[in-house]
Amino acid sequence: MVCMNLEDYIRNVPDFPVKGIQFKDVTTLCQNPIAFKESCDRIINHYKVMGINKVAAIEARGYVWGGVIAYYLDAGFILIRKPGKLPAKIISETYDLEYGTDTIEMHEDAIERGEKVLIFDDLLATGGTAKAACNLIEKAGGEVAGVAFIIELTGSLHGRDKLEGYDILSLVQIPVEE
Ligand code: AMP
């Protein structure tokens with residue numbers, strides 16, 4: 001495997017989606033074939049001996065890597081979605097944002113009791129989304145075997161603290177000040 005600095009392939013977009021937020025754009029990473037392959041390989045290699053049954057990825061950028069990871073881990077793939085998108089019976093989890101709340105949903109039959117699930121999202125910020133995903137998986141009877149990200153924003157957001165007790169993998173750590 002080529003050992004490359006994946007951070008070089010992440011685009012910073014200032015003031016998106018709102019003023020004061022620096023958006024970490026992973027589209028520039030996944031559009032580069034070598035960087036995309038390396039980012040997939042590093043996650044797959046970390047989890048390949050862990051007997052993962054399902055990979056649960058969070059809409060929408062999570063799906064770009066999630067399906068590839070599931071394929072190479074011989075695991076099934078689960079879609080965690082924003083409200084109102086999934087057609088069959090769902091379970092949901094609501095979590096706090098700085099202002100207001102947000103909700104994620106999953107099909108209630110997506111996991112069989114005791115299955116080992118790897119959660120994937122592109123970025124860890126405050127950890128609210130990933131923690132809600134962990135709660136969803138556990139509500140459905142699954143075991144969270146790991147939580148993986150391309151980017152972890154470190155510093156004042158303390159996302160990792162919210163995920164205490166879980167196996168966390170992040171490929172790129174970027175400090176942020178609030
Ligand atoms: P959080 O729940 O605070 O950990 O936020 C994580 C979710 O919000 C992920 O699905 C990210 O895609 C998105 N997100 C939060 N902050 C950023 C950022 N600075 N750049 C890109 N995506 C972000």
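**View 1. Lining of the largest pocket in the predicted model.** β7 (116-124) contributes the most to the lining of the largest pocket, supplying 4 residues, where strands (E, at least two residues) and helices (H or I, at least four) are DSSP runs numbered from the N terminus. The model is predicted, so local features need pLDDT of at least 70 and side-chain atom pairs count only at pLDDT 80 or more, whereas totals for chains, interfaces and linings use all residues. Residues are numbered from 1 along each chain as its sequence is written, and side-chain values use heavy atoms, with hydrogens and water left out. At least two lining residues each come from β2, β5 (90-96), β6 (101-107), β7, α4 and β8 (143-155).

**View 2. Volume and composition of the largest pocket.** A pocket is an open set of points on a 1 Å grid over the protein atoms alone, where a 1.4 Å probe fits and protein lies on both sides within 12 Å along at least five of seven lines; lining residues have an atom within 4 Å of a point. The largest pocket holds about 1300 Å³ of space, the volume being that filled by probe spheres set on points joined across faces, edges and corners. Its lining counts 37 residues, and those closest to the centre are Ile21, Leu123, Ala125, Thr126 and Leu153. By class, the lining divides into 19 nonpolar, 6 polar and 12 charged residues, with Ala, Val, Leu, Ile, Met, Phe, Trp, Tyr, Cys and Pro taken as nonpolar, Asp, Glu, Lys and Arg as charged, and the others, Gly among them, as polar.

View 3. Around the ligand are 13 residues, the closest being Arg61, Asp121, Asp122, Thr126 and Thr129, and a residue counts as near if one of its heavy atoms lies within 4 Å. This shell comprises 4 nonpolar, 5 polar and 4 charged residues, and β2 (22-25), β7 and α4 (128-139) each provide at least two of its members.

View 4. A polar contact is a pair of N or O atoms within 3.5 Å. An N or O atom in the side chain of Thr129 lies 2.5 Å from an oxygen atom of the ligand, while a backbone N or O atom of Gln22 is 3.0 Å from a ligand nitrogen atom. A backbone N or O atom of Gly128 is 3.4 Å from an oxygen atom of the ligand. Taken alone, the ligand exposes 490 Å², of which the protein buries 80%, by the Shrake-Rupley method with a 1.4 Å probe.

Conventions: Polar contact = N/O pair within 3.5 Å; in protein donor to acceptor, adjacent residues only side chain to side chain.
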